[in-house]
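Let's walk through this structure together, one feature at a time. Keep the viewer open as you read, and pick out each residue as it comes up.

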Amino acid sequence: MSEAEDRELDALQAALAAEHAAVYGYGVVGGRIGEERRAQARAAYDAHRARRDALVRQIRDRGGEPVAAAAGYALPFPVPDAEAAVRLAAELEDRVAGVYSDLVRAAPGGRRAAAADALREAAVRAVRWRGTSVAFPGLAERAAAGPPASAAPTA
């Protein structure tokens, strides 16, 4: 495998790890979110599951072994109520967007476009949860979050 292919596979694995964490996180969100936003949480959960499954296929197609989901993830803050669940959903989307920004850099052609679509979708969901946006989704959040390993809640 070339160095570029290795970088792309690493970025795909990081995106998969972030999607695993997002699926877990949305399980928490769904348990705490108010009824008025439950459909929004369910739609996001389903979108992350679909992205996760697509990433598993892409990694296998490139000869890789997809990273497994952790049994549990440490949340970035306590989520005792609906207000905290909304904040968690926005944080999950910011973290996913950051990881997809790395995949946009690493992937060529059509795969880059697909990664950009995933980044855009995460940024739009974050805005819907938070009610505000940032100029460059996936970049400002990453600077605040630290190194790439922090792109998803820790196991």
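**One turn along helix 2**

Arg-42 and Asp-46 both sit in helix 2, four residues apart, which is about one turn of the helix. Helices here (H or I, at least four residues) and strands (E, at least two) are DSSP runs, numbered from the N terminus. This is a predicted model, in which local features need pLDDT of at least 70 and side-chain atom pairs count only at pLDDT 80 or more, while totals for chains, interfaces and linings use all residues. Residues are numbered from 1 along each chain as its sequence is written, and side-chain values use heavy atoms, with hydrogens and water left out.

What joins Arg-42 to Asp-46? The two form a salt bridge, with the closest N and O atoms 3.3 Å apart. A salt bridge is a side-chain nitrogen of Lys or Arg within 4 Å of a carboxyl oxygen of Asp or Glu. Arg-42 is partly exposed at 47% relative accessibility, and Asp-46 is partly exposed at 33%. Here buried means under 20% relative accessible area, exposed over 50%, and partly exposed in between (1.4 Å probe, protein chains only).

Now take helix 2 as a whole. It covers residues 38–61, and its 24 residues should span 34 Å at 1.5 Å a residue; the expected span is 1.5 Å times one less than the number of residues. The end C-alpha atoms are 35 Å apart, which agrees. Which residues of helix 2 are buried? They are Ala-41, Ala-44, His-48, Arg-52, Leu-55, Val-56 and Ile-59. These buried residues pack against helix 1 (3–32), helix 3 (82–106) and helix 4 (109–130). After helix 2 comes Gly-63, with a positive phi near 85°.

**The wider fold and its cores**

Stepping back, the chain has five helices and zero strands, giving the pattern α-α-α-α-α along the sequence. Of its 155 residues, 43% are buried. Among contacts (heavy atoms within 4.5 Å) with a separation of 6 or more, 78% are between residues 24 or more positions apart. The chain exposes about 7,900 Å², and carbon and sulfur atoms supply 55% of that area, computed by the Shrake-Rupley method with a 1.4 Å probe, where for residues only the protein chains shown count as cover.

A nonpolar core is a set of buried Ala, Val, Leu, Ile, Met, Phe, Trp, Tyr and Cys residues joined through side-chain atoms within 4.5 Å. The largest one has 21 residues, of which Ala-15, Leu-55, Val-96, Tyr-100 and Leu-103 touch the most other members. Helix 1, helix 2, helix 3 and helix 4 each give two or more residues to this core, and the largest share, seven residues, comes from helix 1. Leaving aside residues up to four places away in sequence, Ala-15 touches Leu-55, Val-99, Tyr-100 and Leu-103. A second, separate core of 15 residues includes Ile-33, Val-79, Ala-90 and Trp-129.

Side chains of opposite charge can pair when their charged atoms come close. How many salt bridges does a search of the whole structure find? The search finds 14. In one of them, the side chains of Glu-93 and Arg-125 meet at 2.9 Å, N to O. Glu-93 lies in helix 3 and Arg-125 in helix 4, so this pair ties together parts that are 32 residues apart in sequence. Glu-93 is buried, with a relative accessible area of 0%, and Arg-125 also counts as buried, at 13%.

Compare that with Arg-120 and Asp-117, whose side chains meet in a salt bridge at 4.0 Å, N to O. Being three residues apart in helix 4, they are separated by about one helical turn. Arg-120 is partly exposed at 45%, and Asp-117 is partly exposed at 36%.

Salt bridges also link Glu-8, Arg-62 and Arg-111 in a network. The C-alpha atom of Arg-111 is 9.8 Å from that of Gln-58, although the two residues are 53 apart along the chain. Gln-58 belongs to helix 2 and is partly exposed, with a relative accessible area of 28%.
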